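Biologist: I'm new to this one, and I'd like a close look at a single spot before I take in the rest.

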Amino acid sequence: MTTRTPWRPTALLAGLVLLTAACGGGTTRTDVQQQQSSAPAATAASSAAANPNAPLKQGLKIAFLPKQVNNPYFTIADDGGIEAAKEFGGEGKEVGPSDASASSQVSYINTLTQQKQDAIVISANDPNAVVPALKQAMAAGIKVVSYDSDTAADGRHVFVNQASAEDLGRTEVQLLAEQIGHKGKIAVLSATPNATNQNTWIEFMKDELKKPEYKDMELVKVAYGNDDDQKSFTETQGLLRSYPDLAGIISPTTVGIAAAARYLSDSPYKGKVKLTGLGTPNQLRKFVKDGTIEAFELWNPADLGYLASYAAAALASGQITGAEGEKFKAGKLGDYTIGAKGEVLLGKPTVFNKDNIDDFDF
Amino acid sequence: MTTDLSRPAERDLTRLARRWEGLILVLLVGVAGWAALGVDGFANTSNVSFLLLDTTEIALMALTMTLVIVAAEIDLSVASTLGLSCAVLGWLWNAGLPIEAIMPICLLVGAVCGAFNGLLVTRLGLPSLAVTIGTFALFRGLAYVMLGDQAVADLPPAYTSLATSSIGPVPLMTVLVAVLAAVAAVVLHATGLGRSIFALGSNEEAAYFSGIRVKRIKFWLFVASGVMASLASLVYTFRYASARADNGVGLELAVVAAVLLGGVSIFGGRGTLPGVLMAVLLLGVVRNALILADVANEVLNFVTGLLLVASVLAPNLGAIRRRRTSPPLEGKSVS
């Protein structure tokens, strides 16, 4: 048996590659970027004008397509949306893949298009992979609302954003300031040094701290737990060793806050060093009850689904088209206005403490 | 039947194989018929296009997987090869290479992945199950190293629309599958090479002593499997307009499921390509119809799993019964 033969076609292929590359006539990334910048911007908003006074249609079929089914967060969000659909006489349902992989949602979108749903409410696993299928859905007259995780802007009419970076950053400082009496050294336990979300929030925290009411508060350190439980735990330990007189810690990541809480609850600092940030009630319930954490925050996923449901109904009824400045009513949540790029902001995050934490299960 | 039926065991097997494919065909027609009548939105051209398009990557990889499994080997690294090829595509695209040069490089990556599997299996004599479970993690890991969690999405629209385009109701990619399926079917069922694959799958030693170049054939089967996985990666990337390291996670199971359901014996030496293609379609139809009928995803996985277990169990029932009633036979009964 010769071992030489395998390389012959390989060499041929390699030669072919070099040849193609050498010719240089191909399509490169810069070509595509030039094409896209010269082409007129595609708009998802339909040509039909909005009629703000149109009543919500009855019997609207609204499908919720989360990143993943059987995920407690999305179950609550989608139940909120289905409940909203009941309120306005529509019919909501949740469908979706059991794995959160990038493209598993596409066949669901195609199916929903076949079922002639009135609206699809989607949290995209991959902002781009779902766009071609969503465009087909929109071409078939289906309204598309993204929630939680946005798609590329030409793949949906409206994005319901759970919280603005500014709100999250500022309210976390406010929350901690109340707990420590606007006085003392504070630290931040973040995810990774280059985590886009966290860094934006931290910028807003720093900006908030410049206000006069925080003049007695000092941000001494931003530590990074890399969203790793063990690392976050040791970083918390390290913070308290370097700054034994620390008054409070803000951890704007669910992994970080849980690890920090675990460290604090078994340390003499329990209840003395205040901890707040972003977390989920199920994860932190025990620490709220044992006094390690006074209060933390997160948006309410049920409200997120509820608002997305109303936005979908408003689109399907012709009240809005997704253009900036249009207004619609979202049941118990009140009035909303569509912002730039078709975004609707849910509002201020919900604060969880020992009085209300048992009302939430996610 | 005009086949030589001198050996009763073989006659049994042939008949079972025929019957099995007949069964799959009946199931396929039955399920499609039920869906057409009972499920809203199933029987129209756009849904059929979706359905066909959704099975493209699985069908492509199932073609070579059939040959590999008939040769009594397995390649569990196909979906990871697909992922690695996608990552290479994204990485080179970001680096500014023209897409026309990237595509052959991707195929080359697939060939190298396959050759790596093939060398470990044929030259070092390692079991392909163990080797490809290893490379399953290796290739996927490499994909993440290259691309991390970023998605490369600014791919040329000319290619992305080509991947989703249709000729009438038939997606262009289905035409590609059909052409390659025809080639694979001819190779497997109408050439000396195909017969050699069957021979080495049913008894490697006998095949070796009758002059078949066992190792060389196996090596090239793994290379073919790798190339096909990277071809599937190109379809996948353009179809979803997104090159990511996690593209196609879990597809290897769908591919193996389709091949086994199609009547290919997991012990090698038995199976037909038409059977596998029908099984790919059957799984696609079941999935599509159940999703349209709002059946929950868990139930869907359950049904697919049930079909798979049935497909492994049914052809072996006879053998299991014989093994229980008679003393164990010498030779290859369990591999």
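Leaving aside its neighbours within four places in sequence, which residues is A:Ser98 in contact with?

Modeller: Bear in mind that this is a predicted model, where local features need pLDDT of at least 70, side-chain atom pairs count only at pLDDT 80 or more, and totals for chains, interfaces and linings use all residues. Residues are numbered from 1 along each chain as its sequence is written, while chains are lettered from A and ligands numbered from 1 in the order in which they are written.

Now to your serine. With those neighbours left out, A:Ser98 is in contact with A:Gln68, A:Val69 and A:Asn70, and also with B:Asn297, B:Glu298 and B:Asn301 (contact: C-beta atoms, placed from the backbone, within 7 Å). A:Ser98 sits in the loop between strand E2 (91-94) and helix H4 (104-114) of chain A (DSSP runs numbered from the N terminus: helices are H or I, at least four residues, and strands are E, at least two). A:Ser98 counts as partly exposed because it has 14 C-beta neighbours inside 10 Å (20 or more others would be buried, 12 or fewer exposed). A:Lys57 is 41 residues from A:Ser98 in sequence, and their C-alpha atoms are 32 Å apart.

What about the two chains? In total, 42 residues of chain B are in contact with 38 residues of chain A. Several helices of chain B each supply at least two residues to the side that touches chain A, including H4 (78-94), H11 (214-240) and H14 (297-313). H5(B) gives the most, nine residues. That side of chain B has 21 nonpolar, ten polar and eleven charged residues (Ala, Val, Leu, Ile, Met, Phe, Trp, Tyr, Cys and Pro are nonpolar, Asp, Glu, Lys and Arg charged, the others, Gly among them, polar).

Back in chain A, the assignment gives domain 1 (61-162 + 301-346) and domain 2 (165-298), with bounds from an automatic or database domain assignment. Their C-alpha centres lie 32 Å apart.

Chain A also has an open sheet of four strands, ordered E7-E6-E8-E9 with parallel pairing (strands pair if DSSP finds at least two bridges between them). E7 (217-224) and E9 (274-277) of chain A are at the edges with a single partner strand each, so one side of each has no neighbour in the sheet. From one strand to the next the twist averages 25 degrees (axes are lines fitted to C-alpha atoms, for helices over the stretch in contact, with angles from 0 to 180 degrees between N-to-C directions). E8 (residues 246-251) of chain A pairs with E9(A) over four bridges, and A:Ile249 stands opposite A:Leu275 in E9(A). Helix H9 (residues 254-265) of chain A packs on this sheet, touching E6 (184-190), E8 and E9, and its direction makes about 165 degrees with that of E9(A).

Note on methods. Two residues are in contact if their C-beta atoms, placed from the backbone, lie within 7 Å.
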